[in-house]
Amino acid sequence: MRWGVLATGGIAASFARDLVAMEDAELVAVGSRSEAAARAFAERFGVPRAYGDWASLAKDAEVDVVYVATPHTAHRAAAGLCLEAGRAVLCEKPFTMNVREATELVSLARERGTFLMEAMWTYCHPMVRRIKALVDDGAIGEVRAVHADFGITGDFAPSHRLRDPALGGGALLDLGVYPVSFAQLLLGEPAELVASAVLSEEGIDLQTGAVLSWESGAQAVVHCALDAATPVTATVAGTRGRIEVPHGFFHPDRFVLYRDGHDPQEYAPDPADGHRSSYRHEAAEVMRCLRAGATESSLVPLEGTLAVMRTLDAIRERTGVRYPGEAA
């Protein structure tokens, strides 16, 4: 399967590193707004074709699928360009800036009959898939509560992309998408939510916390931060037990199942699954779908992506975070 990569930043490099190690994948083209950056990336990963613009990559008929790794402010434009040219697309998270943009991409993909998937690697991770299977099989009874957090800390100047509104800065879209996606993987789209945020002078969220509620009575408490080194853990609690996921819950290297009347059971990955931070699982899912003639993934369904975007929009509505170009 022939891949193109659109953008040349850190996450594009990480994806390319894992992709070129896969026997059934070939990285054949890279596109960037800078020809020099595209050429440097191509030399680094042995890519035969480097383009100094996005359109040339999108029009490359020798590319089966494009991985979009731009900042999320450009996801709508970059992914849309590729879909319009007939290229299948794997688009980084957050899928877009808001549900309006997300809906436009999904509609475009469906109109063209072209494959589209959000690069929510968590959903494709073998350990997370195991958690999902255990929950679905009733290992902990009915899920009643989910807790998940993702916080980091650093010297982020106002001009840093994480704090710049023009680049979609803020904790929620960059980090909070993981706790929200984890909760909705297990419980679906919430019926109600309440949220609060601490905003920076630029108007982006330095911290956001939300309580999501379902008609079943289940709740999820999710939190994200740019100014607090949180544990980055998750817990799924049910009527007959719980699952605890340690640091790095969105790509775990282990988790523990606690069940009434049983000793704790620790799950560890199969060594054949590779490193916990490998992007190859999402790449493999894309290729599985394309070979089967599918236009979307059952692991990362488009309706699920839209549901997460609706939740992110609702949280931002309640906390007052808006980006340039969005209606007040």
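**Entry: helix α4.** I began with helix α4 (residues 75-84), where His75, Ala78, Ala79, Gly80, Cys82 and Leu83 are buried. Buried means under 20% relative accessible area, with a 1.4 Å probe and protein chains only. Helices are DSSP runs of H or I with at least four residues, strands are runs of E with at least two, and both are numbered from the N terminus. I then looked up what covers those buried residues of α4, and the cover includes β1 (2-6), α3 (54-59), β4 (65-68), β5 (88-92), α5 (99-112) and β6 (116-119). Just after α4, I noted Gly86 with a positive phi of about 90°.

**Entry: ground rules.** I am reading a predicted model, in which local features need pLDDT of at least 70 and side-chain atom pairs count only at pLDDT 80 or more, while totals for chains, interfaces and linings use all residues. Residues are numbered from 1 along each chain as its sequence is written, and side-chain values use heavy atoms, with hydrogens and water left out.

**Entry: Thr70.** Is Thr70 buried or exposed? Thr70 counts as buried, because its relative accessibility is 7%. I found Thr70 in the loop between β4 and α4. Leaving aside residues up to four places away in sequence, Thr70 touches Leu6, Ala7, Trp54, His75 and Ala78; contact means heavy atoms within 4.5 Å.

**Entry: the core.** Which residues have the most contacts inside the largest nonpolar core? They are Trp3 and Ile243, in a core of 115 residues. Helix α8 (residues 171-187) gives the largest share of this core, 12 residues. Such a core is a set of buried Ala, Val, Leu, Ile, Met, Phe, Trp, Tyr and Cys residues joined through side-chain atoms within 4.5 Å.

**Entry: Leu187.** Leu187 sits in helix α8. I see it touching Val143, Val146, Trp214 and Ala218, again not counting residues up to four places away in sequence. From Leu187 to Val65 I read 31 Å in space, C-alpha to C-alpha, and 122 residues in sequence.

**Entry: stepping back.** I counted 10 helices and 14 strands in the protein. Of its 328 residues, 53% count as buried. The C-alpha atoms fill a box of roughly 60 × 45 × 40 Å along the principal axes. Among contacts between residues at least 6 apart in sequence, 65% join residues at least 24 apart.

Technical notes: Buried < 20%, exposed > 50% of the residue type's maximum accessible area, 1.4 Å probe, protein only.
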